[in-house]
Amino acid sequence: MAVNKYGRIYQSGAALSVKYRTLIINDIIDSGGNAASAFVPYRLLSSLATKFSVNITTVKNIWVKYCEDGNASRRKGTGRPSKLRDEDLEYIKFLKMENPSCTAKEIKSKLLENTTAVEVHTSAISRAIRIHRLVGDDRTRKRHHTSKDRY
């Protein structure tokens, strides 16, 4: 936990919560702000920035985003697009169903010889298996037993 220069305690790397965003938006609307025209009364942004202990740019960005899409929540980040297409993911799933113990290196070689996939790294294949849960059956997952199950 850290303290910003305005005195608010925050967690580094974490976005402002939806609760705070909603409070800021409601205060702007209650003070005469208009989401349709993106109008904000004079000096309201700076007073709200002081009230919520955030930068004035943060208040402005929250209001502009709300005026654009009418939503207080954050936009989903796009990130870097995957080199693996949907067909490639389906083929990986098929390979894992056929042989759950095959490695990412084996999948990569089969993917390159049987599809039109571009050169992908084995870590991209491992990540796809993990994120998209492209596992064959229960044998590929770690089993968690309780002591009650053992006795």
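Student: Which residues are linked in a network of salt bridges?
Tutor: R85, E87 and D88. A salt bridge here is a side-chain nitrogen of Lys or Arg within 4 Å of a carboxyl oxygen of Asp or Glu. This is a predicted model, in which local features need pLDDT of at least 70 and side-chain atom pairs count only at pLDDT 80 or more, while totals for chains, interfaces and linings use all residues. Residues are numbered from 1 along each chain as its sequence is written, and side-chain values use heavy atoms, with hydrogens and water left out.

Student: How far apart are the closest N and O atoms of E87 and R85?
Tutor: 3.4 Å.

Student: How many salt bridges in the whole structure?
Tutor: The search finds 5. One of them joins K51 and D27, at 2.5 Å from N to O. K51 lies in helix 2 (residues 44-52) and D27 in helix 1 (residues 18-30), so this pair ties together parts 24 residues apart in sequence. Helices are DSSP runs of H or I, at least four residues, numbered from the N terminus.

Student: Is D27 buried or exposed?
Tutor: Buried, at 16% relative accessible area, whereas K51 is exposed at 53%. Buried means under 20%, exposed over 50%, partly exposed in between (1.4 Å probe, protein chains only).

Student: Switching topic: which helix gives the largest share of the lining of the largest pocket?
Tutor: Helix 6, with 5 residues. The lining divides into 7 nonpolar, 4 polar and 6 charged residues. Charged means Asp, Glu, Lys and Arg; Ala, Val, Leu, Ile, Met, Phe, Trp, Tyr, Cys and Pro count as nonpolar, and the others, Gly among them, as polar.

Key. Helices (H or I, at least four residues) and strands (E, at least two) are DSSP runs, numbered from the N terminus.
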